[in-house]
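Let's take a walk through a protein together.

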Amino acid sequence: MDAKQKCLFINDEIPKAKLFESEKREVHPDCNTSWRISPEPFWVTRAEFAWFEALGPHLLNFYRACNLLYSQSVRGIQPAWVAEYLEIGKPETVIQYGRMNRFKTQLPGVLRPDILPTADGMAITELDSIPGFIGATGCLARLYAELGYAIIGGDDGMVNGYADMIRALAKKEEPTLAIVVSDESEDYWAEMVWLADALREVGVKACAVKPQDIIFTEDGLFVEHGDDKLLVDVLYRFYELFDLLNIPKSELMFYSAKKRTVVMTPPPKSYLEEKLCLALFHHPTLQPFWKRQLGKRTYAFLQAVIPETWIIDARPLPPHAVIPGLEVEGDAVTDWRQLGRLTQKQRELVIKPSGFSELAWGSRGVAIGHDLPTEEWETVIEDSLDSFEKNPHVLQRFHTARRVRMQYYDFDAGDIQEMACRPLLRPYYFVVGDTVKLGGMQAAVCPADKKILHGMVDSIIVPCAQMQEK
């Protein structure tokens, strides 16, 4: 196949998987995706691939340390302000779910960082433990593998990695899985149906269901599949904790997890879903904790790749205090409003909601300082300060992804085009017992003039493959 034929093959096969029918918007009527289709995957070098393989265990160590940090803060072993930050704006029920002994040692089963490959190396800008695109990345991996590309994770790495994670949680070879998708996550419904179908092919009795379709009994949770009623071993929570009031039967699902009649993943730990964990990693007072819990290798690895991040705390500082590590041309910052007076060149900074908000995912609520007029930037700072007690925001150094060039099929022109672009890389790691498996990688490759990189109509979305070097 030539490049055009490959793109049309991908386009023709996508509908058979019934992916993203609800996501189509502002695209050519012949295009069956909500993104641009490339004839080839995104290539990573051998050294980059080795880095991504090494990253998985370091991320698992980080989540374990975050879990312990919160627990020790609640118990008074670590500073109380850590738990205070992580609980701001959350209802008591959510806080109590996270503190239950039933979930004490549990961590998310899927770890997906957002990573920018920059001229100076990799930068991890966010961590997501309830990520979308699991099914879509799995489907694309199969299709590009069919074209002969050696996709990272292989053609079924995403499906097998997810299946192994579920088996480890259920402690059985053929578990029953309910993937519970909320209305708020409706855009991902089709890909979760695809994922459930693919999991059944490898021996996991999986069903994608809406919360209202869960059947509760004192003996456990059930789902209907055809004429059968199946007892659920593992419930995959594809809904956010901030949305619980809109989730039918959420209390019954948590009750079953508490009573150990079902395993819930990710566990209901809102503090592990906060971007401000990245700020805590850089906090000077907590450095002895991180060094001790992470060990030299993981600590050094993460120090090199997690950008400087700060919690935008609206409370006034005492006269002798400064915001640690935040300077403007060598001058210490003592008030967040000082950032409003920066020149456009000086404010290469990002502000975004930390979590527990409908604005905290999918690049919603993200503001980039040098991309905004001064008045808008000042408004963003004020809004972040005003929302502190309900929805904390974080400030992060802006990192620029390196420029690459990729081809895509232009349905309007009927031919292959090339564009300058910047990639956002998203590896999917599956936690299997005490180990981590890299199941696959997705690249959202956006036009070079875009500051916010995410899946969009004019971006290319492809799986990643390792470059074969001589």
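**A walk through the fold**

Let's start at Arg260, which is exposed, with a relative accessible area of 59% (exposed means over 50%, buried under 20% and partly exposed in between, using a 1.4 Å probe and protein chains only). Before going on, a word on what you're looking at: this is a predicted model, where local features need pLDDT of at least 70 and side-chain atom pairs count only at pLDDT 80 or more, while totals for chains, interfaces and linings use all residues. Residues are numbered from 1 along each chain as its sequence is written, and side-chain values use heavy atoms, with hydrogens and water left out.

Back to Arg260, which sits in the loop between helix 8 and strand 10. Helices here are DSSP runs of H or I with at least four residues, strands are runs of E with at least two, and both are numbered from the N terminus. What is the phi of Arg260? It's positive, about 65°, although Arg260 is not a glycine. Most residues other than glycine have a negative phi, and most peptide bonds are trans. Lys249 also has a positive phi of about 65° without being a glycine. You'll find Lys249 in the loop between strand 9 (234-238) and helix 8 (250-258), and it is partly exposed, with a relative accessible area of 34%.

Stay in that loop for a moment, between strand 9 and helix 8, and look for Asp243. Is Asp243 buried or exposed? With a relative accessibility of 8%, Asp243 counts as buried. Leaving out residues up to four places away in sequence, Asp243 touches Ser182 and Glu184 (contact means heavy atoms within 4.5 Å).

Now hop over to Pro266, in the loop between strand 10 (263-265) and helix 9 (276-282). The peptide bond joining Thr265 and Pro266 is cis, with an omega of about -10°.

Next stop: a pair of helices. Two packed helices are described by the angle between their axes and the distance between the axes. For helix 6 (residues 157-170) and helix 7 (residues 189-201), the axes come within 10 Å and cross at roughly 75°. Those axes are lines fitted to C-alpha atoms over the stretch in contact, with angles running from 0 to 180 degrees between N-to-C directions. Helix 6 and helix 7 are therefore roughly perpendicular to each other (that label covers 65 to 115 degrees). Helix 6 brings Val159, Tyr162 and Ala163 to the contact, and helix 7 brings Trp194, Leu195, Ala198 and Leu199. Sorted by type, the contact residues are seven nonpolar, no polar and no charged.

Further along is Val322, in the loop between strand 11 (309-311) and strand 12 (327-328). Val322 is partly exposed, at 42% relative accessible area. Apart from residues up to four places away in sequence, Val322 touches Leu317, Ala332, Val333 and Thr334.

Finally, zoom out. The protein chain has 11 helices and 20 strands, and its C-alpha trace spans about 65 × 60 × 40 Å along its principal axes. Buried residues make up 58% of the 470 in the chain. Among contacts between residues at least 6 apart in sequence, 71% join residues at least 24 apart.

Note on methods: Angles under 35 degrees count as roughly parallel, over 145 as roughly antiparallel, 65 to 115 as roughly perpendicular and the rest as oblique. Ala, Val, Leu, Ile, Met, Phe, Trp, Tyr, Cys and Pro count as nonpolar, Asp, Glu, Lys and Arg as charged, and the others, Gly among them, as polar.
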